[in-house]
Amino acid sequence: MPPTLPPDPTPPPTTAPTPSRPLRYGWTTGACATAAAKAAYTALLTGDFPDPVRIHLPKNHQPAFALTREHLTPAHPAPTSPTTTGSADTAPEGVASAGQAPEETGHPGLEPASTGSGSIERVATERVATERARTEHVTTEHVTTERVATERVTTGPVDIESSGVGPAEGDAPAEPGSGSASGGERVAGAGEGAPGAPSFSARDSAHGAGGASSDTDENGRTAQADSPGGGTAGLGEWESAMAGVVKDAGDDPDVTHGALVMATVRRGEPGSGVTFRAGPGVGTVTKPGLPLAVGEPAINPVPRRMMREHIEEVAALYGDPGDVVIEISIENGEELARHTWNPRLGILGGLSVLGTTGVVVPYSCSAWIDSIRRGIDVARAAGHTHVAGCTGSTSELVAKNLYDLPDDALLDMGDFAGAVLKYLRRHPVPRLTIAGGVGKLAKLADGHLDLHSGRSQVNKDFLATLAMEAGATDTLATEIRTANTALAALHLSQAAGVPLADRIAAHARRTAEHVLREAPVTVDVIVIDRAGTIVGRA
């Protein structure tokens with residue numbers, strides 16, 4: 001028989017975030033999809049899900065992911081005879097026989113097994129979950145969970161390097177437009193369950209319903225699974241396998257934190273290799289300019305490569321050709337995608353599966369910057385000759401209405417003026433409008449390329465100098481130097497009839513042109529106040 005997979009080590013727990021420790025790193029949707037795909041393919045071949053499932057990522061990270069959901073679908077319908085489904089006298093303890101009410105099993109919420117196709121598989125899955133709910137309790141310093149029913153609430157992925165801590169470096173983007181947690185559970189490391197807990201698998205449960213057991217190793221894993229109708233099934237007796245893991249973004253404010261990422265693996269056509277499909281919650285590319293062709297599922301190239309590599313490794317282990325179809329789904333992904341750039345980029349129907357290293361670096365801003373770059377790519381591919389980089393929704397609306405720009409010509413620049421300018425330097429668009437509030441553009445005028453309040457400050461002396469260039473008196477310049485904010489300085493200038501905002505716009509354009517160097521990009525700048533009124537232009 002084929003060799004069995006090596007046992008997955010129990011990942012060490014991590015502590016809850018505290019001010020005294022560095023920010024905790026997390027895992028991209030691409031890493032989660034890879035782990036789920038590996039677990040599902042292994043179960044498709046063996047009938048048993050590795051849990052936790054370990055994967056290898058670039059930069060030598062080897063995280064282990066606990067499965068939150070798992071499901072096997074038999075390749076052949078189960079017979080409807082009583083000998084297949086068993087009876088109340090012969091059904092395994094805790095498993096409802098055909099026609100028995102869920103309450104009689106002692107586990108409310110589990111549906112009774114039907115006599116149609118897949119009934120034994122469902123009973124087996126419920127038995128696994130039920131037994132684990134009885135035996136497995138996972139405790140960390142801040143999380144205690146109990147695995148129940150068919151959704152086993154686990155404590156997520158943890159890096160299992162020899163140091164026992166999370167990854168120390170990486171530059172993988174999270175989802176485009178990340179900036180608010182999805183409300184999912186913050187998760188930490190967990191092993192398979194309490195030490196000494198009995199091992200249960202789909203094979204164990206199916207055997208109780210008429211199937212025959214097969215050889216197992218000392219870890220309780222098997223390279224064969226029971227057929228749905230009794231007897232021992234060889235490899236490939238399952239139509240599909242699904243595994244799901246919860247994404248842990250660490251301490252990054254990622255919109256996909258806590259999202260359930262699922263992979264369903266089915267047999268593909270002989271010689272087809274690995275094919276990818278978008279399931280519910282994963283988007284489809286509808287516009288050119290992205291690294292994927294129009295019509296392709298929004299599963300980026302690096303996650304695709306990682307999944308192929310892990311499928312090839314498992315296929316080699318079991319002597320399988322590895323011709324499979326992988327369907328990636330993300331629970332509530334379509335709703336979450338509304339809080340990202342995906343709709344504007346032409347990725348419709350859900351989120352993207354992203355990641356270049358598999359690691360989410362907290363507050364690295366890499367996701368936002370990557371989205372800016374993809375926005376420029378899409379605008380260029382659409383043939384747009386004019387794009388606008390805006391610091392917020394108000395300035396975006398002003399630029400859109402002023403120039404009648406389409407949505408895919410609007411760049412959500414935010415604080416990252418430098419990212420827009422540097423990418424346009426290498427991938428030019430004939431015209432760029434920069435629009436924003438007086439405070440952020442005052443910082444750009446002063447030479448800052450990162451306009452975040454925590455990384456650059458408004459220089460009141462600089463504003464006073466600009467005001468004097470525009471005709472301010474010494475008295476007004478002194479008042480500007482002591483003003484609380486850039487907006488207050490603007491109001492002082494407006495009251496004196498001094499066009500300070502025009503000077504801010506002119507110097508901001510000068511900064512932009514300096515970064516663009518010789519790139520064939522014409523720049524104009526619009527300065528607005530909080531009401532969205534244009535107060536300065538250059």
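Predicted model: local features only at pLDDT ≥ 70, side-chain atom pairs only at ≥ 80, totals over all residues.
**Notebook: helix packing and one alanine**

I started with the secondary structure: the protein has 15 helices and 23 strands. Residues are numbered from 1 along each chain as its sequence is written, and side-chain values use heavy atoms, with hydrogens and water left out.

**Whole protein**

I looked up burial next: 55% of the 538 residues are buried (under 20% relative accessible area; over 50% is exposed and in between is partly exposed, with a 1.4 Å probe and protein chains only). The exposed surface comes to about 21,500 Å², and carbon and sulfur atoms supply 50% of that; the areas are Shrake-Rupley values with a 1.4 Å probe. I also checked contacts (heavy atoms within 4.5 Å). Of those between residues at least 6 apart in sequence, 72% join residues at least 24 apart.

**A43**

I found A43 in helix α1, residues 29–46. Is A43 buried or exposed? A43 is buried, at 0% relative accessible area. Leaving aside residues up to four places away in sequence, A43 touches D48, F49, L72, W238 and A241. I picked out A241 from that set: A241 is 198 residues from A43 along the chain, yet their C-alpha atoms are 6.3 Å apart.

**α12 against α13**

Helix α12 (residues 460–469) packs on helix α13 (residues 474–481) at about 155°, with the axes 8 Å apart. I took axes as lines fitted to C-alpha atoms over the stretch in contact, with angles from 0 to 180 degrees between N-to-C directions. The pair is therefore roughly antiparallel (over 145 degrees; under 35 is roughly parallel, 65 to 115 roughly perpendicular and the rest oblique). On the α12 side I listed K460, D461, L463, A464, A467 and M468, which meet D474, A477, I480 and R481 of α13. These contact residues split into six nonpolar, no polar and four charged.

**α10 against α15**

Helix α10 (residues 417–426) and helix α15 (residues 500–516) cross at roughly 45°, their axes coming within 8 Å. That makes α10 oblique to α15. I listed L421, K422, L424 and R425 from α10, in contact with A512, V515 and L516 from α15. Here I counted five nonpolar, no polar and two charged residues.

Conventions: Helix = DSSP H or I, 4+ residues; strand = E, 2+ residues; numbered from the N terminus. Nonpolar A, V, L, I, M, F, W, Y, C, P; charged D, E, K, R; others polar.
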